[in-house]
Amino acid sequence: MSDPQSAVGAADREAAEWHVRLGERPVSADTLHAFKTWRETAGNAEAYRKVEALWRTTGSLSSDPDIQALTQATLRASKPRARRAESQRLIPAALALVPAAAIAVALLFWLPNRGVYETEVGGRRTVALDDGTRVQLDTDTRLRVRFASGERRIVLEQGQALFTVAHDAARPFRVEAGGTQVTALGTVFDVRREAVGAQVTLVQGAVAVTDARTAAGQWRLAPGQQVRTVRPDATPVMVDPAVETSWSEGRLVFRDTPLGEAIAEVNRYLPDKIVLADRRISAVPVNGVFATGDREAFVAAVADLFDLTAQAEADGRVRLTARSVGG
């Protein structure tokens, strides 16, 4: 676990301490003057606003085991280091202040990242949630988990995830992605965040999909159906769930997929991308199964199939050019 003292800036730590000092009564005129002077330093006012907002919205979290662990780490890092001659005078006051300040600093460090799961480009990860739900995260994915007594909510900030939802009739399971909301009970479904809206594929069970920006507004999907809420006239279509979720097994399956789309899909797993120089062949269909992240195998296959030249570039990318146009 990271040291909370090093995880936040000096302004954040000082803001937490000021919040504690101003919460003690009475507050002297000298303290108020010192606080006003401190706030005038660039960045301090915003740091204090952030502490106030966190304290106001979180309520009492001092009994949370994660917060307790972070508080202990902060206390260890915050032990007074006064000179021996001053220690008897300073330590009692320091001990009265540090526990509350430690909780504030722990909140600053911990709350923004609580329930956050993510993967890097090319990575995959499986997460078991507290309710028994299993979530598989695809490449470059980030999501937040927010469970409450009456609802289980996931915010898919980017990327794609496959959800195998544990049944709990008393707590609906909802996923938000780009303005689209998916509600399920005991269901297996895939959600891919788009620049606008999302793509939702139902594997098993039933889900309700809502998006106020679309004409229909809501749909109830059946297994094997998919809806992409990127257009106002979005409507469910039948797909092969095994193909749509093949990424969860480390594979990409292409069936008459336009070459340009296939390259874009492969690129999601690559830090160094593939570039198709000749857009005239971007619509040519591609069929095959490829391991996610295996750039060499994909490049070799399409270069041989479509008579392309693969050229490595200085920035790490690979450029595909049709030989007939000067490759």
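Visitor: Is glycine 293 buried, partly exposed or exposed, and what relative accessible area does it have?

Guide: The general idea is a scale of relative accessible area, on which buried means under 20%, exposed means over 50% and partly exposed lies in between, computed with a 1.4 Å probe and on protein chains only. Glycine 293 has a relative accessible area of 37% and is therefore partly exposed. This is a predicted model, in which local features need pLDDT of at least 70 and side-chain atom pairs count only at pLDDT 80 or more, while totals for chains, interfaces and linings use all residues. Residues are numbered from 1 along each chain as its sequence is written, and side-chain values use heavy atoms, with hydrogens and water left out.

Visitor: Where is glycine 293 found, and which residues does it touch beyond those up to four places away in sequence?

Guide: Helices (H or I, at least four residues) and strands (E, at least two) are DSSP runs numbered from the N terminus, and glycine 293 sits in the loop between S17 and H9. Contact means heavy atoms within 4.5 Å; by that rule, and not counting residues up to four places away in sequence, glycine 293 touches Tyr269 and Leu270.

Visitor: How should I read helix H9, and which of its residues are buried?

Guide: A helix can be checked by its span, the expected value being 1.5 Å times one less than its number of residues. H9 has 12 residues and reaches 16 Å from its first C-alpha to its last, close to the 16 Å expected. Its buried residues are Arg295, Phe298, Val299, Val302 and Ala303. Seen down the axis of H9, with the arc taken from the directions from the helix axis to the C-beta atoms, these buried residues fall within 120 degrees, so they line one face of the helix. The face turned away from the buried side carries the exposed residues Glu296, Asp304 and Leu305. The buried residues of H9 pack against S15, H8, S16, S17, strand S18 (308-312) and S19.

Visitor: Why is helix H8 largely enclosed by the rest of the structure?

Guide: Helix H8 (residues 259-267) is largely enclosed because seven of its nine residues are buried, namely Leu259, Gly260, Ala262, Ile263, Glu265, Val266 and Asn267. These buried residues pack against several elements, including strand S9 (188-193), strand S15 (251-258) and helix H9 (295-306).

Visitor: How many residues does the largest nonpolar core have?

Guide: A nonpolar core is a set of buried Ala, Val, Leu, Ile, Met, Phe, Trp, Tyr and Cys residues joined through side-chain atoms within 4.5 Å. The largest has 27 residues, and those with the most contacts inside it are Leu143, Phe163, Val175, Phe189 and Val191. Apart from it lies another core, of 24 residues, among them Val266, Ile274, Val286 and Phe298.

Visitor: How many aromatic pairs does a search of the whole structure find?

Guide: A pair of aromatic rings is described by the distance of the centres and the angle of the planes. Rings of Phe, Tyr and Trp (its six-membered ring) pair if their centres lie within 6.5 Å, and planes under 30 degrees apart count as stacked, over 60 as edge-to-face and the rest as tilted. The search finds 10 aromatic pairs. In phenylalanine 35 and tryptophan 38 the ring centres are 6.0 Å apart and the planes are at 20 degrees, so the pair is stacked. Both residues lie in helix H3 (residues 29-39), three residues apart, about one turn of the helix. Trp18, Phe35, Trp38 and Tyr48 form one aromatic cluster.
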